[in-house]
Amino acid sequence: MQDQRQAPDAALHSVSDAPAGNWVDRYAPAWSRPWLRLSRADRPIGTWLLLLPCWWGIGLAMMADAPRWFDLWIALACLIGAFVMRGAGCTWNDITDRDIDAQVSRTRSRPLPSGAVTLKGAYGWLIAQCLIGFVILLTLGWAAIWLGVASLALVAIYPFAKRFTWWPQVFLGLAFNWGILLAYAAHMGRLDLAPVAAYLGAIAWTIFYDTIYAHQDAEDDALIGVRSTARLFGEASPRILPTFALVAVALLGLGAALAGRNLLMAFAGILGFALHLGWQLSKFQPDHGASCLRLFRSNRDAGLILAGFLALAGLV
């Protein structure tokens with residue numbers, strides 16, 4: 001068990017894998033930095049990847065029904081909820097992985113293994129973030145509330161997945177893309193086949209981008225016995241990942257088709273999304289960690305392309 005004593009200067013140093021010059025390091029008060037870093041606020045890509053499926057769900061709901069003024073609140077609630085619940089998920093992940101993180105060069109400077117935050121403090125921060133997320137969830141209707149509560153099981157299981165399966169990215173996909181179902185239900189008051197198909201496609205997308213991400217840690221993971229699709233696929237990843245990209249595109253396209261309105265606009269978004277994944281595959285180098293990180297972060301743009309076109313398809 002690691003030493004939980006506070007490191008006096010830990011709050012002054014940025015986390016090694018955070019973007020240089022991030023807003024937490026530059027502008028946040030010194031006392032708040034360990035907590036914001038524990039929530040990964042210094043690297044917003046995770047918030048984007050949690051938020052964008054929510055916005056896809058709103059777009060699909062508007063395509064299936066019609067736009068409503070309440071959709072503006074759903075979109076804003078998803079933004080706030082994605083920020084705090086991604087933070088809560090990262091806090092839980094770091095609590096469960098604190099001993100593993102201490103053995104990996106990329107993660108040993110994170111707040112828990114570095115001693116910037118105590119284990120007791122991390123649990124308190126986890127509870128605070130979950131309470132904020134729950135208050136936001138209460139504004140979205142009973143269908144969304146029940147779906148939000150159900151998602152907690154997936155969030156709780158994910159950090160342990162890499163200990164018992166070579167496919168932890170599947171569990172990440174199940175948790176990270178739940179917002180498609182939740183946001184759709186917040187608008188419609190129910191679930192239909194369209195968001196379910198899109199949800200399955202988004203899981204394939206998560207396996208795609210998180211395998212690229214996991215290649216950064218493949219050597220360290222092998223040394224400490226952590227499993228991932230990056231280790232499972234190994235050097236074959238460039239040949240295997242196109243399959244997941246195709247599945248993602250096909251199922252997202254099916255979801256749009258099942259939603260049923262303004263399909264030309266929606267399919268234009270699917271095409272843009274597909275082209276972006278193709279560009280990523282053309283640049284993918286499994287043994288180049290910095291390149292893998294850049295490609296992983298670029299999935300924000302892929303998701304925004306689709307979100308924008310689905311929103312237009314639902315509005316016009």
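I started with Asp65, which counts as partly exposed because its relative accessibility is 31%, and buried would need under 20%. Keep in mind that I'm looking at a predicted model. What does the side chain of Asp65 meet in a salt bridge? It's Arg68, with 2.7 Å from N to O. Arg68 is partly exposed too, since its relative accessibility comes to 43%.

I picked out Asp97, which pairs with Lys162, and their closest N and O atoms are 2.7 Å apart. This pair links distant parts of the chain: Asp97 sits in the loop between α4 and α5 (98–101), Lys162 sits in helix α8, and 65 residues separate them.

Asp97 has 2% relative accessibility, so it counts as buried. Arg163 has a relative accessible area of 37%, so it is partly exposed. I also noted a network: Arg40, Asp94, Asp101 and Arg110 are joined into one by salt bridges that share partners.

Then I went looking at the surface. Which residues form a nonpolar patch there? I wrote down Phe134, Leu138, Trp142, Trp146, Val149 and Leu152, which together have about 690 Å² of accessible area. Helix α8 (residues 142–164) gives the patch its largest share, four residues. Leu152 lies in that helix, α8, and it counts as partly exposed because its relative accessibility is 44%.

Pockets came next. The second largest pocket has a volume of about 270 Å³. I found 14 residues lining this pocket, and Ile58, Met62, Asp71, Ala75 and Ala311 are the ones nearest its centre. Helices α3 (45–64), α4 (70–96) and α17 (299–315) each give at least two residues to the lining. Sorted by class, the lining of this pocket has ten nonpolar residues, two polar and two charged.

How many cavities of 30 Å³ or more does a search of the whole structure find? The search finds two. I looked up the second largest cavity, which has a volume of about 30 Å³. Its lining is made of Leu60, Ala198, Leu252, Gly255, Ala256, Ile270, Leu306 and Leu310. Both α14 and α17 supply at least two residues to that lining, and α14 gives the most, with three.

Last entry: Arg239, which I found in helix α14 (residues 237–259). Arg239 counts as exposed because its relative accessible area is 63%, and the cut-off for exposed is over 50%. I also looked up how far Arg239 is from Leu281: their C-alpha atoms are separated by 9.3 Å, although the two residues are 42 residues apart along the chain.

Notes. Residues numbered from 1 in each chain as written. Predicted model: local features only at pLDDT ≥ 70, side-chain atom pairs only at ≥ 80, totals over all residues. Heavy atoms only, no water. Patch = residues over 30% accessible without salt bridge, like charges linked within 9 Å, V, L, I, M, F, W, Y side chains within 5 Å. Areas by Shrake-Rupley, 256 points an atom, 1.4 Å probe, with all protein chains shown as cover. Salt bridge = Lys/Arg side-chain N within 4 Å of Asp/Glu carboxyl O. Buried < 20%, exposed > 50% of the residue type's maximum accessible area, 1.4 Å probe, protein only. 1 Å grid on protein atoms, 1.4 Å probe; cavity = no way out; pocket = protein on both sides within 12 Å on 5 of 7 lines; lining within 4 Å. Points joined across faces, edges and corners; volume = space filled by probe spheres on them. Nonpolar A, V, L, I, M, F, W, Y, C, P; charged D, E, K, R; others polar.
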